[in-house]
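Here is a short briefing to read alongside the model.

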Amino acid sequence: MKDQSRSRIVVLRVVVLSILLTLFGRLAYLQTADGAKYVQAASNNRVRNIITPAARGQVLDDRGVALVNNKTALVVSVTRSRILSQPHAGAAVLARLARVIGIPVAQITNIITPCGEVLKNGTRASSKTGCWNGSPLQPVPVRSYSSDNAAEVRRVLAIAEHAESFPGVQAQYAPVRQYPQKSMAAHVLGYLGPISQAEASMAQYRNLPSGSLIGRSGVESVYDSQLRGTNGVQKLQVDMSGTVTGTVGTVPAQAGQNLVLSLDAGIQKATEAALAKGIATARTQRDPVRGTNYAAPKGAAIVVEVGTGRIVAMASNPTYDPTLFVGGISTKEYRALTTDPGQPLLSNATQGLFSPGSTFKIVSTAAAVAAGDSINGIYNCPPSLMIGNQRFGNFEGEQFGPIDFRTALIKSCDTVYYQVAYDQWLRDEAALKAGKPAQEVFPKQARAFGFGSKTGIDLPGDLSGLITDRKYKLNFWKQMKAVECKRAKTGYPEVAKTDPARAAYLLQLAKENCTDGYRYNAGDSALFAIGQGDVLVTPLQLAMAYSAVANGGTLYEPRLAKGFLSADGKTYSTLPSVKRGTLPVSQSVLAYIRSALAGVTQQGGTAGFAFAGFPFPVAGKTGTADVLGKAPTSWFASFAPANKPKYAVVVMVPEGGTGATTAAPIARSIYDAMYGLAGKPSLLGPGGVLPSALPVVRPDGTIAPPGTRVPVPPHRAVTIPKPTSASPSSGSTRAIGAPARLPWSEEPRRTTRGKP
Amino acid sequence: MTDWSTPRVSPVRLRPSGVSVRERMLDRTSPLRQLDWVLLIAVGLLIAVGGLLIWSATRQREMVLGLDPQAFVKKHAINATIGLALGTVAALVDYRALRAYAPFVYGASCLGLIAVLSPLGSTINGAHSWIVLPAGFQIQPSEFAKLAIVVGMAMLLGEKRDGESRPRDMDVVQVLGLCAFPLGLIMLQPDFGSMMVFIFVILGVLAVSGAPARWVGGLLLAGVLVGGFVAPHLLKDYQLNRFRVVANPGADPQGFGFNVNQALIANGSGGLTGKGLFHGTQTQGRFIPEQQTDFVFTVAGEELGLAGGGGIILLLGVVLWRGLRIASQATDLFGRLVAAGVVSWFTFQSFVNIGMTLGIMPVTGLPLPFVSYGGSAMFANLMAIGLLQNVHMRSREM
């Protein structure tokens with residue numbers, strides 16, 4: 001018995017020893033090999049980050065007038081941990097809250113549930129259902145009310161008044177965006193929208209909880225990081241129940257910088273008014289070709305400082321009220337904006353593509369000289385010209401006989417330009433036949449003037465336009481060949497039902513394109529020279545080209561932002577002008593063109609009537625660009641004063657008639673307002689120039705016009721490095737005072753505990 | 001072979017009245033000299049370390065509530081003192097005479113377990129294994145039942161008849177019958193942890209008793225089969241989840257994996273020497289539920305590190321080593337089985353308790369012997385130590 005039992009005790013010994021060794025081995029493994037992981041987990045466990053939002057900077061005009069600032073709104077927010085600690089997970093409070101704010105309990109629950117948490121149905125909370133990506137300790141904004149809405153605010157304030165009935169619910173005032181100038185410059189300013197789940201995980205959006213607003217359009221979007229500032233973080237030490245036991249560290253919020261635009265509120269207002277009035281006038285004018293009034297569905301007008309490329313005014317009609325986006329735009333309102341035929345959300349100035357018509361002749365004049373034609377030469381201006389098998393005529397069949405380029409520009413004689421373009425085409429064709437490359441002088445010149453590529457303005461969605469040459473046509477034809485050739489066989493039966501003539505024309509076109517579409521024929525080059533056919537430009541491109549002619553040949557990137565002012569006014573920074581290039585045109589030719597354009601607004605010029613009585617010469621060019629099946633696009637491109645140019649003004653009204661009758665009078669009104677000629681004071685500053693210095697911030701944080709003496713604190717300038725050629729096109733997003741990265745990671749989300 | 005019919009003499013011998021107390025204490029045959037001091041010191045150290053850990057685990061919460069931060073340590077000390085008294089009684093009564101009381105101990109334990117299931121029982125911390133007495137006292141009868149099973153099995157298997165050298169099949173069946181009743185009652189609570197300890201104790205005592213290997217092996221196999229195939233159908237979902245967490249430690253860290261996850265973080269972040277007593281972020285932040293009772297080991301792991309946690313395992317090893325030594329030196333089978341039963345009990349309970357804080361065993365409501373806070377467990381544990389000393393003292397006489 002003893003032996004049996006003793007040997008069994010030995011077995012028990014082995015079992016005991018192996019169990020103890022197992023425990024020790026596992027403990028040692030956890031604490032050494034795996035230790036770092038758990039040390040990190042322990043630290044994440046006890047620290048919660050509370051985000052203190054930074055005030056968003058204002059957007060100011062060149063004189064410090066607020067274009068966008070902040071107002072207070074009543075924000076109802078819910079602290080989930082405090083709701084869950086109540087009986088039945090706070091069902092009673094949530095039900096009361098739902099009645100007050102009119103959002104169903106289920107939806108409130110979704111909004112405040114941390115993303116990734118396992119829901120009752122076993123799925124995890126995601127952006128589909130709505131979820132909170134911030135700290136569980138952070139109050140989650142559920143609904144906000146503009147302080148303008150007095151009745152609603154009073155009702156919702158009941159939450160604050162009866163705090164004891166709403167534990168875990170706060171109703172507090174918080175800043176929201178406000179547009180003191182209403183819809184003015186809406187396309188420039190843009191609007192804010194909530195950050196998406198995907199964006200929230202991106203590095204530049206660190207410490208932005210869900211529901212945070214970021215710039216979605218306009219300068220709000222391009223300069224979002226500077227305007228947004230840096231959210232502060234309070235690192236709280238918490239225990240199991242989420243009770244705060246101490247503060248580990250605090251990083252205060254850094255208010256966003258105020259963005260100063262070169263836009264001038266007064267001139268912007270006048271420009272918008274002139275454009276709107278001009279469009280309204282056009283709609284009362286009868287189109288002699290179609291027999292109806294001009295549709296003039298939209299328009300754009302731009303004022304640029306020619307010496308710097310800064311935008312003084314940029315109007316696009318129709319426009320929208322950015323206030324619609326404050327507090328979240330409703331689906332209905334958004335659909336109304338996106339389905340409006342006038343496309344009010346798009347800026348016609350930067351996103352409208354149209355043939356420039358005769359305003360393009362400054363390019364053609366320079367191109368003709370580059371092609372070898374003398375700037376002082378005499379060219380014939382017959383009523384029409386046969387090029388290939390097609391007849392190209394002047395507007396209303398005018399003819400002026402032998403004239404120089406000056407007269408050709410002043411009278412807008414097309415046949416002169418047809419001829420010089422055709423001559424160049426013939427030279428290129430001869431070169432090609434001889435196996436040499438085509439010079440493509442006209443398209444090359446157009447590109448040098450900034451057409452066919454983005455202007456580089458500090459706005460999103462800037463378009464490139466279209467400049468056609470032989471290579472482009474060939475590539476395009478290769479892409480479209482299949483479609484065109486199919487159409488050449490089938491024709492356009494769907495068009496023939498309503499418009500047989502148009503269908504026949506389209507069929508003819510398709511047949512030509514199928515076989516010869518790659519050919520850059522003489523007609524193409526002729527139309528190109530008068531800004532018709534396959535030439536598409538944005539009004540902004542045209543304004544920059546005219547500015548370059550005006551300033552002696554420097555092509556600038558257009559700029560809206562002039563500088564930044566810190567919220568406390570202690571630092572400021574000025575953004576430099578960015579050169580895009582130099583026109584490959586001699587000063588004498590530029591001077592010739594400027595002088596010729598000055599004649600356009602004189603008696604006998606195409607804009608002579610519109611500018612009758614204007615006290616000093618304005619250089620300009622009208623444009624009437626034919627559009628297939630529609631009334632022509634009315635253009636006027638100009639700069640003033642003609643002898644010492646300061647500002648360029650470009651106006652465009654599609655389906656608006658001739659440049660002389662619609663666009664030129666609008667430009668005249670803008671000049672009148674700028675120079676104070678319509679019995680009103682000048683909108684430019686003393687000496688006819690806009691302020692070059694930035695506005696200043698008073699000690700109390702309010703903004704004063706440039707030049708105001710502010711006692712303390714003094715400005716401390718921040719040097720902005722000149723843009724390097726390595727990043728020529730990054731001008732719009734060049735970071736100034738990018739927010740510093742915070743040294744710690746996001747905290748994990750955890751609130752519930754399991755069964756013990 | 002012991003001649004059981006011979007009248008026995010008490011080891012506490014009567015002395016002439018002239019001998020001084022001091023002399024009596026230091027006499028070679030005095031019970032004090034006969035005690036296993038190594039065992040006692042190891043147990044004493046475990047209780048002391050337990051006190052520190054309980055203090056660290058509870059002071060923050062008690063302070064937040066405005067209560068005495070040392071309240072739990074003080075109660076721990078009181079429990080240990082009462083346990084010491086009970087253990088002394090258990091040590092002094094000749095264990096061979098204890099056999100006569102074994103049926104009563106067994107009966108009382110079963111009554112206690114029945115009472116838990118009756119309206120007298122109550123649920124504390126999710127375990128329906130308590131009887132709440134007036135004046136704020138609570139009893140956990142399953143702790144005492146472990147003691148009763150050890151003594152009861154030792155009694156049945158330790159009585160050899162007709163010169164048998166090992167238990168007959170009939171004895172084994174009797175023992176299983178004896179165990180089945182309390183085991184069934186514990187299953188009804190359900191106290192899954194105690195059940196596992198019971199099964200391990202039964203196997204240990206049976207094995208050491210010299211019972212046929214087919215029984216030991218068969219029971220082991222049956223246990224594995226029941227555990228593998230039947231238990232998943234009988235257990236409740238939350239109990240199964242505890243196994244799932246062991247299989248997959250990352251499972252649902254916010255839900256049923258929370259305790260295990262937090263315990264792992266506490267132990268794992270301790271490093272070699274820990275964050276210092278009272279400085280564990282997991283412990284002081286009260287991230288681990290039931291830390292002073294079932295999860296007390298995590299306080300050591302986090303605040304005292306590998307040195308502290310390993311030290312506790314070492315001290316437990318000393319206790320188990322002395323227990324095994326007593327078992328092998330016991331002069332009769334009853335004493336040996338009592339010792340083997342106590343060792344099996346402490347071994348497995350320590351394994352389950354520490355193992356769950358290390359993520360290798362499912363979470364059950366088992367305290368760590370001597371270290372965890374809790375009166376019933378402390379009393380039962382110290383009475384078991386008393387029995388070990390009892391067997392130890394009386395194995396030297398021969």
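Two residues are said to be in contact here if their C-beta atoms, placed from the backbone, lie within 7 Å. Please keep in mind that this is a predicted model.

**A proline in a loop of chain A**
- A:Pro691 sits in the loop that runs between helix H25 (659-675) and strand S26 (696-697) of chain A.
- Once neighbours within four places in sequence are set aside, A:Pro691 is in contact with A:Asp62, A:Arg63, A:Gly685, A:Pro706 and A:Gly707.
- One of these partners, A:Gly707, lies 16 residues from A:Pro691 along the chain, and their C-alpha atoms are separated by 8.7 Å.
- A residue counts as buried with 20 or more other C-beta atoms within 10 Å and as exposed with 12 or fewer; A:Pro691 has 18, so A:Pro691 is partly exposed.

**Chain A as a whole**
- Chain A holds 25 helices and 28 strands.
- Of its 756 residues, 46% count as buried.
- Among contacts in chain A with a separation of 6 or more, 71% join residues 24 or more positions apart.

**Where chain B touches chain A**
- The contact between the chains draws 54 residues from chain B and 38 residues from chain A.
- On the side of chain B that touches chain A, at least two residues each come from helix H8 (192-208), helix H11 (258-268), helix H12 (281-284), helix H13 (296-329) and helix H14 (333-357) of chain B.
- H13(B) gives the most to this side, with 12 residues.
- By type, this side of chain B comprises 23 nonpolar, 26 polar and 5 charged residues.

**Helix packing in chain B**
- The axes of helix H6 (residues 141-158) of chain B and H8(B) come within 11 Å and cross at roughly 20°.
- Angles under 35 degrees count as roughly parallel, and H6(B) and H8(B) are therefore roughly parallel to each other.
- The crossing of H6(B) and H8(B) is right-handed.
- H6(B) brings residues including B:Ile149, B:Val150 and B:Met153 to this contact, while those from H8(B) include B:Val197, B:Phe198 and B:Val201.
- The residues of the contact of H6(B) with H8(B) divide into 10 nonpolar, 2 polar and 1 charged.

**A covered helix**
- H11(B) is mostly covered, with 11 of its 11 residues buried.
- Among the buried residues of H11(B) are B:Phe258, B:Asn261, B:Leu264 and B:Gly268.

Definitions and conventions: Residues numbered from 1 in each chain as written. Chains lettered and ligands numbered in written order. Predicted model: local features only at pLDDT ≥ 70, side-chain atom pairs only at ≥ 80, totals over all residues. Helix = DSSP H or I, 4+ residues; strand = E, 2+ residues; numbered from the N terminus. Nonpolar A, V, L, I, M, F, W, Y, C, P; charged D, E, K, R; others polar. Axes fitted to C-alpha atoms, helices over the stretch in contact; angles between N-to-C directions. Parallel < 35°, antiparallel > 145°, perpendicular 65-115°, else oblique. Left-handed = near helix turned anticlockwise from the far one by under 90°.
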